[in-house]
Amino acid sequence: ALLELPLLLAVKFVAMRGLTKKSMTLLLACEFCCASGLLWQSDLSETSISDLHEDSRLSGWLCASLGLEEACRASSMQSAALELVGDASASFRKIRFDEKCLPPGRLIFMHVMKTGGLSLDSFLEASCHEHHDAACAIQRHDGSQRIAGIEGCSPSILTTHQGMRLAMSQPGFEDARLFTILRDPVSRVWSFYNYLSRWYKPYQRLELQSVLEALEKHQDLNAGLEEEDKCSFCHMQLSNAFAHTFEGEHRTLNEAKKMLAKLHLIVDISALNRFPEIAAQSGLFPEHPSLSGKTHLVVPHTNEGRPRWGEKPDEKTAALIRRLNEEDIALYRYAKTLPSYAS
């Protein structure tokens with residue numbers, strides 16, 4: 001395999017004729033180094049990579065003598081992190097000997113359903129793998145109760161569906177910065193209804209207008225359903241979910257506004273694709289390189305397919321949503337006036 005290397009390198013030189021000799025030498029050496037550890041996205045044949053991997057002393061000497069250990073490590077971390085975006089279930093692994101954990105208890109993501117939170121969770125989990133000197137773990141209380149990211153690190157980030165007062169009292173996160181994503185309340189309720197109609201039987205047989213009318217009359221849509229078919233959170237999600245999330249002791253609108261104003265950052269869902277840039281500009285988590293302008297990751301778009309009930313509600317249904325979400329509409333308008341709001 002090593003005898004094949006000159007030919008492979010020659011092909012590389014032809015493909016990269018626009019680069020300087022120094023750049024080409026560095027790139028090729030780093031590719032050789034990382035391919036030997038099965039860490040680089042190389043076009044070397046499997047046989048060549050296998051043979052190079054077996055001769056780890058030679059590849060290690062090349063990397064060390066050329067001073068490329070950091071480049072090889074960084075490329076492998078970024079490749080692994082990029083593969084994890086959109087595949088959060090595969091993101092939990094043990095810490096490696098050369099990795100350093102971020103400080104714990106730094107950040108709380110207030111995850112309101114149907115505001116792009118799952119996409120952001122995928123980004124955050126992948127970011128824990130992107131930099132070897134900034135490994136991290138995430139404590140998830142948003143449907144799943146688990147630790148994601150790097151086993152061996154104390155959680156630096158909490159992502160939660162809990163109310164803000166409860167999240168702020170979470171052990172280890174008492175001094176954390178908080179942020180959230182907001183969305184037009186009518187659009188959010190319509191999205192939630194379509195999302196839950198994939199499994200919640202009342203939403204499969206009833207149009208949203210009928211569901212909301214039943215809600216106004218305090219009718220229990222769970223009545224007669226098997227326990228596993230019931231939805232314990234649907235009522236809250238259809239009416240003033242923002243107000244519930246940010247409620248104060250007396251559950252007034254003014255208290256919710258004050259809680260919202262305490263957030264370090266509020267991102268509109270329309271700007272979610274710019275989250276890494278916005279996080280860096282706001283100083284959301286300065287110790288985390290991926291949230292401070294040093295990232296190759298993007299926030300993935302979670303495609304849920306064609307909505308069961310259409311792209312948007314009819315005007316009569318939209319008016320009913322607005323009537324049942326007056327506090328959320330007021331909070332959404334108020335959030336847009338805050339200096340922490342980014343759109």
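Author: Gladly! This is a predicted model, and its protein chain has 16 helices and eight strands. Of the 343 residues, 49% count as buried.

Reader: What makes helix 10 roughly parallel to helix 15?

Author: Their axes cross at roughly 30°. Angles under 35 degrees count as roughly parallel, so helix 10 (residues 208–216) is roughly parallel to helix 15 (residues 315–324). The two axes come within 9 Å, and the crossing is left-handed.

Reader: Which residues of helix 10 and helix 15 make the contact?

Author: Helix 10 brings L208, Q209, L212, E213, L215 and E216, while helix 15 brings K316, T317, L320, I321, R323 and L324. These residues divide into six nonpolar, two polar and four charged.

Reader: Now to N240: why does N240 count as buried?

Author: Its relative accessibility is 13%. Buried means under 20%, so N240 counts as buried. You will find N240 in the loop between helix 11 (234–238) and helix 12 (241–245).

Reader: Which residues does N240 touch, not counting those up to four places away in sequence?

Author: N240 touches L324, N325, E326, E327 and D328. L324 also belongs to the helix 15 side of the contact with helix 10.

Reader: How far is the backbone oxygen of L324 from a polar atom of the N240 side chain?

Author: The distance is 3.4 Å. A polar contact has a cut-off of 3.5 Å, and this pair lies within it.

Note on methods
Residues are numbered from 1 along each chain as its sequence is written. This is a predicted model: local features need pLDDT of at least 70, side-chain atom pairs count only at pLDDT 80 or more; totals for chains, interfaces and linings use all residues. Side-chain values use heavy atoms; hydrogens and water are left out. Axes are lines fitted to C-alpha atoms, for helices over the stretch in contact, and angles run from 0 to 180 degrees between N-to-C directions. Helices (H or I, at least four residues) and strands (E, at least two) are DSSP runs, numbered from the N terminus. Angles under 35 degrees count as roughly parallel, over 145 as roughly antiparallel, 65 to 115 as roughly perpendicular and the rest as oblique. A crossing is left-handed if the near helix is turned anticlockwise from the far one by less than a right angle, and right-handed if clockwise. Contact means heavy atoms within 4.5 Å. Ala, Val, Leu, Ile, Met, Phe, Trp, Tyr, Cys and Pro count as nonpolar, Asp, Glu, Lys and Arg as charged, and the others, Gly among them, as polar. Buried means under 20% relative accessible area, exposed over 50%, partly exposed in between (1.4 Å probe, protein chains only). A polar contact is a pair of N or O atoms within 3.5 Å; within protein, one must be able to donate a hydrogen and the other to accept it, and residues adjacent in sequence count only if both atoms are side-chain atoms.
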